Protein chains: 4
Amino acid sequence: MEFRSDVTVDLIKHAATDTDVASAARVSTIGGESRFTEATEKDAGLINYLMRDRHGSPFEHTSFTFYVEGPIFVIREFFRHRAGWSYNEESGRYKQLQPVFYKPADGRPLRQIGKPGKYEFTAGDYKQQRAVSGDITRISTEAYETYTRLLDLGVAREVARMVLPVNIYSSFYATCNARSLMHFLSLRTTDETAKFPSFPQREIEMVAEKMEDFFHFHMPETWAAFQRNGRVAP
Amino acid sequence: MEFRSDVTVDLIKHAATDTDVASAARVSTIGGESRFTEATEKDAGLINYLMRDRHGSPFEHTSFTFYVEGPIFVIREFFRHRAGWSYNEESGRYKQLQPVFYKPADGRPLRQIGKPGKYEFTAGDYKQQRAVSGDITRISTEAYETYTRLLDLGVAREVARMVLPVNIYSSFYATCNARSLMHFLSLRTTDETAKFPSFPQREIEMVAEKMEDFFHFHMPETWAAFQRNGRVAP
Amino acid sequence: MEFRSDVTVDLIKHAATDTDVASAARVSTIGGESRFTEATEKDAGLINYLMRDRHGSPFEHTSFTFYVEGPIFVIREFFRHRAGWSYNEESGRYKQLQPVFYKPADGRPLRQIGKPGKYEFTAGDYKQQRAVSGDITRISTEAYETYTRLLDLGVAREVARMVLPVNIYSSFYATCNARSLMHFLSLRTTDETAKFPSFPQREIEMVAEKMEDFFHFHMPETWAAFQRNGRVAP
Amino acid sequence: MEFRSDVTVDLIKHAATDTDVASAARVSTIGGESRFTEATEKDAGLINYLMRDRHGSPFEHTSFTFYVEGPIFVIREFFRHRAGWSYNEESGRYKQLQPVFYKPADGRPLRQIGKPGKYEFTAGDYKQQRAVSGDITRISTEAYETYTRLLDLGVAREVARMVLPVNIYSSFYATCNARSLMHFLSLRTTDETAKFPSFPQREIEMVAEKMEDFFHFHMPETWAAFQRNGRVAP
């Protein structure tokens with residue numbers, strides 16, 4: 001049994017630069033072919049204009065493929081993103097799931113205050129922390145032991161898995177473009193400068209933050225324009 | 001605690017007839033406006049031609065909205081369908097989940113034989129049946145009691161739910177068109193006449209079969225053409 | 001030969017009410033089934049909250065099917081809208097196109113001032129008006145006469161049509177949901193209260209305005225929330 | 001004035017290999033991370049299995065960006081492909097269009113025989129060939145001269161372009177994945193081995209054939225599986 005309080009996000013491959021965006025956009029005003037390779041000084045200004053006036057399509061000629069490990073309750077939220085996202089996930093029908101479970105780290109706020117859409121979270125007291133940690137450890141362990149016992153009895157994986165809790169880890173590949181990634185980031189991160197506030201669960205935000213790091217690194221001008229324009233996806 | 005071995009599928013509303021398909025298709029060859037209301041004798045032949053030659057777009061001018069209750073492991077598979085599907089699901093962050101859990105009915109095959117993509121399922125023996133039934137009851141009960149105890153302690157719903165197993169029920173609305181519905185049916189049902197075989201888990205097939213009944217009832221000619229042409233979505 | 005300066009937009013059928021939106025949203029916080037029929041006093045407030053915080057999915061459980069007649073240069077822009085839109089258009093391969101052409105009305109601004117993305121349009125002078133009207137009439141007429149002459153010679157429709165100008169009318173059906181419709185309206189209309197300005201060509205805005213009238217009529221609370229929140233599609 | 005009878009299709013960039021498909025698929029059965037780089041002998045067999053049983057999602061973790069030049073009547077058909085396609089096209093509002101027009105090559109069949117969906121095309125006679133060539137030259141030339149005269153008078157580009165015929169060339173970037181590309185190829189090419197016949201206009205098939213060459217070159221096993229399984233997109 002392994003308990004984790006983090007998520008894994010690796011960038012497997014990408015075909016995504018700021019120049020891709022600028023080159024795609026210039027076909028509108030200049031026409032003809034550019035090779036998507038020559039960055040120019042004017043790219044940054046053009047990208048900012050596209051972001052501000054919500055010309056979203058030039059941002060789609062880019063591609064990121066991520067590998068993610070996270071608990072099922074996070075993956076459930078992630079896969080609600082449909083447009084511009086492709087997924088392949090580990091299957092509980094085709095393989096035995098590994099005994100890796102999510103348990104919140106000590107600092108994770110445990111109390112929820114306020115109304116739906118405006119929740120605030122505060123630290124749990126000692127009793128709450130202990131209960132969360134103990135109960136998650138206990139239920140995860142019991143469930144996994146039951147799972148393996150059913151498998152040992154010859155029960156099909158797709159049936160035995162029914163006892164597993166939603167904090168068990170799964171893994172998946174996700175491919176997206178910069179536009180769909182920004183849409184995801186705008187909804188699954190919290191940021192004081194965001195024009196439209198979002199209230200994601202902390203665990204999916206952990207995935208989003210790691211993806212944003214890769215995005216920031218590989219498309220710095222696009223990221224800067226996203227940030228400057230209130231984190232509204234174009 | 002409630003244990004169910006079935007799923008709920010209700011058709012909430014629909015705007016979908018065979019005539020919609022034929023009317024939309026006729027704009028290609030005749031042009032101009034038809035009112036989508038006058039069914040003609042030629043509709044069936046036209047629909048069959050569209051299905052056979054995979055002219056899919058005329059089937060999209062239709063709309064079905066379903067209400068579904070099923071276990072999370074089914075919903076996870078369902079929401080992988082992206083194109084032409086819209087979803088809203090009960091939230092474990094916004095409300096307390098109800099103590100309703102899936103437990104396979106007695107006849108549900110429990111043994112899996114063969115390789116991935118060609119699994120066959122056979123009935124479980126008495127020992128397997130008893131283990132599945134007993135373990136699912138026990139784990140579900142313990143998990144739900146733990147869940148409510150954590151809630152009583154003031155732990156946030158989004159944290160407390162982490163102990164719940166994937167056989168807990170959730171509910172959602174799904175809206176689709178006839179084309180996306182046929183694509184779903186082609187992948188999530190088994191049928192001897194299907195040109196391309198599929199191997200869905202029985203529990204999602206139970207949802208698919210109920211949806212197909214509504215589809216069959218409201219779009220009989222489209223359904224017949226789907227069946228006649230090997231259940232290949234156009 | 002017929003010259004038009006307007007567009008046709010008819011609502012063929014719809015399954016779309018404000019209550020659909022509110023009912024779909026309530027599954028998140030209440031769960032269980034509602035029949036999508038009982039409007040309540042609280043619907044308007046809920047819809048406004050969904051719009052403001054960009055919870056877009058509840059708006060997707062709605063369906064509008066429009067019939068549109070307009071010139072090809074408008075249809076080309078329209079069909080760039082992909083997500084949530086379905087189309088079937090009159091075919092120049094399957095039928096002879098009718099001699100109906102777009103010619104701007106007298107008041108249509110003819111001069112373009114400023115840079116891309118910030119164009120302003122002003123009225124044309126007498127000379128420009130006369131040239132536009134005369135040239136469009138002449139070229140359309142010549143092109144259509146050539147088209148019919150080629151058809152009379154036995155040339156295939158798909159070849160003969162190559163001489164026809166982009167101001168010839170075509171007709172199509174378009175089906176969308178309220179979310180994709182609002183996205184279209186936010187980009188293809190101009191409105192002083194819009195949070196993000198758009199610069200559509202006047203002719204596609206004419207289509208958008210007619211669609212907005214139907215949307216406003218059938219989903220008044222959703223339309224009001226759209227307007228109140230700066231015409232940003234959720 | 002330039003008259004062309006061909007189309008341009010360049011592959012601008014790609015992130016697409018057979019190994020991408022196999023690696024994405026293996027997450028289902030093996031789980032965990034692979035680096036998408038190590039091709040194995042078993043890739044070809046796995047890819048063929050995925051194609052045959054229509055497991056389409058692993059083919060989506062790939063990306064091709066094409067630059068295309070073709071006449072507007074071809075682009076109109078192309079942009080009907082929505083799922084998995086991104087586009088940016090030269091704009092007749094933002095720039096003056098160049099005087100490049102499509103004229104069928106001498107061998108292009110000009111006669112259409114049979115019913116919709118089963119057209120056959122045969123060579124034109126001398127009179128037809130001469131009429132097509134002469135009329136297209138004449139109308140294209142007149143239209144373009146009128147276009148430039150209107151521009152010289154100060155008429156806005158978006159108005160002046162209304163006189164231009166649908167055989168004028170435009171240019172665009174298109175980004176897709178291998179799955180959406182195969183769907184396009186299955187509908188826009190003719191091939192004797194295809195399980196489902198298609199009847200594309202020759203000019204869009206010319207674009208499709210060039211795209212297929214790039215696809216074949218960069219993903220040879222995927223292409224072979226596509227071919228072997230009747231050119232049905234998974």
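Colleague: How much area do chain B and chain C bury between them?

Modeller: This is a predicted model, in which local features need pLDDT of at least 70 and side-chain atom pairs count only at pLDDT 80 or more, while totals for chains, interfaces and linings use all residues. Residues are numbered from 1 along each chain as its sequence is written, chains are lettered from A in the order in which they are written, and side-chain values use heavy atoms, with hydrogens and water left out. Buried area is the accessible area (1.4 Å probe) that two parts lose on being put together, summed over both. By that rule 51% of the buried area is on carbon and sulfur atoms, and chain B and chain C bury about 3200 Å².

Colleague: Which residues in chain B lose the most area to chain C?

Modeller: The contact, meaning heavy atoms within 4.5 Å, takes 43 residues from chain B and 43 residues from chain C. Together 20% of what the side of chain B buries belongs to His61(B), Asn88(B) and Tyr173(B).

Colleague: Which residue of chain B forms a salt bridge with Asp20(C)?

Modeller: A salt bridge here is a side-chain nitrogen of Lys or Arg within 4 Å of a carboxyl oxygen of Asp or Glu, and the rule finds two across the interface of chain B and chain C. In one of them the closest N and O atoms are 2.5 Å apart, and the partner of Asp20(C) is Lys13(B).

Colleague: Why is the pair of Phe64(A) and Phe215(A) edge-to-face?

Modeller: Rings of Phe, Tyr and Trp (its six-membered ring) pair if their centres lie within 6.5 Å, with planes under 30 degrees apart counted as stacked, over 60 as edge-to-face and the rest as tilted. The search of the whole structure finds 72 aromatic pairs over all chains. For Phe64(A) and Phe215(A) the centres are 6.4 Å apart, and the pair is edge-to-face because the planes are at 85 degrees.

Colleague: Is Phe215(A) buried or exposed?

Modeller: Buried means under 20% relative accessible area, exposed over 50% and partly exposed in between (1.4 Å probe, protein chains only). Phe64(A) has a relative accessible area of 0% and is buried. Phe215(A) is at 0% relative accessibility, so this residue too counts as buried.
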